[in-house]
Amino acid sequence: MSKVKTAFFCQNCGYESVKWLGQCPSCARWNSFVEEIIQKQDAKTNGWKNYDTNKRINKTVALNEITSSEENRLITPDIELNRVLGGGIVAGSIVLIAGEPGIGKSTLFLQNGLALKDIIVLYVSGEESEQQIKMRAERLNTDPLIGQGENFYLLTETSTQVIFQEIKKLKPGLVIVDSIQTLQTPFIDSSPGSISQIKESAAEFQRFAKDTNTPVFLIGHITKDGTIAGPKILEHMVDTVLQFEGDRHYAYRILRTLKNRFGSTAELGIYEMTDTGMKGVANPSEILIAQKEDHLSGIAIAATIEGIRPLLIEVQALVTQSVYGTPQRTVTGFDLRRLQLLLAVLEKRGGFHFGIKDVFLNIAGGIKVEDPSTDLAVLCALLSSYEDSPMQQHICFAGEVGLSGEIRAVNRIEQRIAEAEKLGFEKIIVSKYNLPAGRQGQKGLARQKFNIEVVTMGRVDEVYKYLF
Ligand SMILES: [Zn+2]
């Protein structure tokens, strides 16, 4: 009999310590350590074992004797999911899908499980009852792509031992776990959702995936600031990390690849949430700027690249006289510090008095943009609202704004221009440093003929004079 073994875990980042610490040395958060019992009954036999007899035995192998498993991918009917996974589900891979509660992770993976009609899919839910999932599935199967669930099995269970017993009987081709925070392994004494439980449960599924070559999808919840420990500590344990994001009040969702051992991390899937499930969006720009015919002040279109996909998005700004002493700055879908920086540039380099104004900025469709080329459109939307003067129609922008008010070159400029052209824009304003071709390396604009007028500018005051 060994005595009870415990350890302290940072509930923010998962840092493990033998004693309690006031401040976490890893993430610097205070009072984040909680003691958890980590006593294992028998480390060697716990969790996943003896699934079948042809368990892989590790021995040294010459590199040229290893057959590439590139073709061993399961192609799903969901084009967006295939895209973010790098071309389908890899056999034996373990994929973490992180996202805020309630934005549709369960819906997306329930519908994908139902759509894979040719393999046995096991959907393990610790979140909802069988009836709730059945009702959700009934809403989804009005879609012809989604099957009636002949090969789709449900298990509402949280104990990993019971789950593995069922897996041994069923021998599924894909396992979906919703969610990792609800799982509990009997070999660790702490409560479900604690760091040590999440880690150990995920490790058991990882061993299962590798031993049996069965792909596993683990769904994990994160909070608004994206810092809650669970999924974060799993990132290094899994093969692929997908982040499902979007504003729950809007219809659009982005599935982003954060890590992928089997493909690029520059991939992005876009979905629209409908009452019959998530629908992949093939031409996102057309939807995101649907109201471009309205002639209102404070609206500018940015030609961005999200992942490797060009995406035209609408930036909306509202600048009003500040009523209270401290002017407000409110953003949705854009970085607040980036907005403050752009306002400071306008104040200092352009002489605009934003210091006495309330500023609201919104990226239409609830999409969150990270591409710095959005700067120029944000700045123009701010100016348009400040002047209360609508922008010329059919114009869009792609440029990063520097601290001295210069417009900086952005990458993949041809792709942006081509997307703007395709959507019927007549003009695009880009940095003059994107010209001429060759001088600026990959950011140079090829001397290619576009049917759209490409206006190049070097400074924000030039843009102001040009527009207003
Ligand atoms: Zn920490």
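# A guided tour of the predicted model

The count of salt bridges in this structure comes to 16, taking a side-chain nitrogen of Lys or Arg within 4 Å of a carboxyl oxygen of Asp or Glu. The model is a predicted one, and the stops below may be selected in turn.

Stop 1: Select residues 79–84, which make up helix α1. Why are E80 and R83 separated by about one helical turn? The two residues are three apart in helix α1, and therefore about one turn of the helix lies between them. Side chains of opposite charge can pair when their charged atoms come close.

Stop 2: Select β1 (residues 6–10), together with β2 (16–17) and β3 (33–37). These three strands form an open sheet in the order β2-β1-β3, with antiparallel pairing. The edge strands are β2 and β3, each of which pairs on one side only. Between β1 and β3, which run antiparallel, there are five bridges. To see where these two strands face each other, select C10, which stands opposite F33 in β3.

**Stop 3: helices α2 and α3.** Select residues 105–115 for α2 and residues 130–140 for α3. The two helices pack with their axes 10 Å apart, at an angle of about 70 degrees. This angle makes α2 roughly perpendicular to α3. On the α2 side, the contact is made by S106, T107, L110, Q111 and L114; on the α3 side, by I133, R136, A137 and L140. By class, the residues of this contact divide into five nonpolar, three polar and one charged.

**Stop 4: the sheet of nine strands.** Strands of a sheet pair through backbone hydrogen bonds, either parallel or antiparallel. The next sheet to display has mixed pairing. It is an open sheet of nine strands, in the order β8-β7-β9-β10-β6-β11-β12-β13-β14. Which strands are the edge strands? They are β8 (152–155) and β14 (277–280), and each pairs on one side only. From one strand to the next, the twist averages 25 degrees.

Within this sheet, select β11 (residues 240–245) and β12 (residues 252–260), which pair in the antiparallel sense over six bridges. Here F244 stands opposite L255 in β12.

Then move to β13 (residues 268–274), which is joined to β14 by four bridges, the two strands running antiparallel. β13 and β14 form a hairpin, with two residues between them. Select T274 to find its bridge partner in β14, which is G277.

**Stop 5: helices α9 and α11.** Finally, select residues 375–387 for α9 and residues 460–467 for α11. Their axes are 11 Å apart, and the helices pack at an angle of about 50 degrees. That angle makes α9 oblique to α11. The crossing in which α9 passes α11 is right-handed. To view the contact, display L376, L379, C380, L383 and E387 in α9, which meet V460, V463, Y464 and L467 in α11. This contact has eight nonpolar residues, no polar residues and one charged residue.

How values were computed:
Residues are numbered from 1 along each chain as its sequence is written. This is a predicted model: local features need pLDDT of at least 70, side-chain atom pairs count only at pLDDT 80 or more; totals for chains, interfaces and linings use all residues. Side-chain values use heavy atoms; hydrogens and water are left out. Two strands pair if DSSP finds at least two bridges between them. Axes are lines fitted to C-alpha atoms, for helices over the stretch in contact, and angles run from 0 to 180 degrees between N-to-C directions. Angles under 35 degrees count as roughly parallel, over 145 as roughly antiparallel, 65 to 115 as roughly perpendicular and the rest as oblique. A crossing is left-handed if the near helix is turned anticlockwise from the far one by less than a right angle, and right-handed if clockwise. Contact means heavy atoms within 4.5 Å. Ala, Val, Leu, Ile, Met, Phe, Trp, Tyr, Cys and Pro count as nonpolar, Asp, Glu, Lys and Arg as charged, and the others, Gly among them, as polar.
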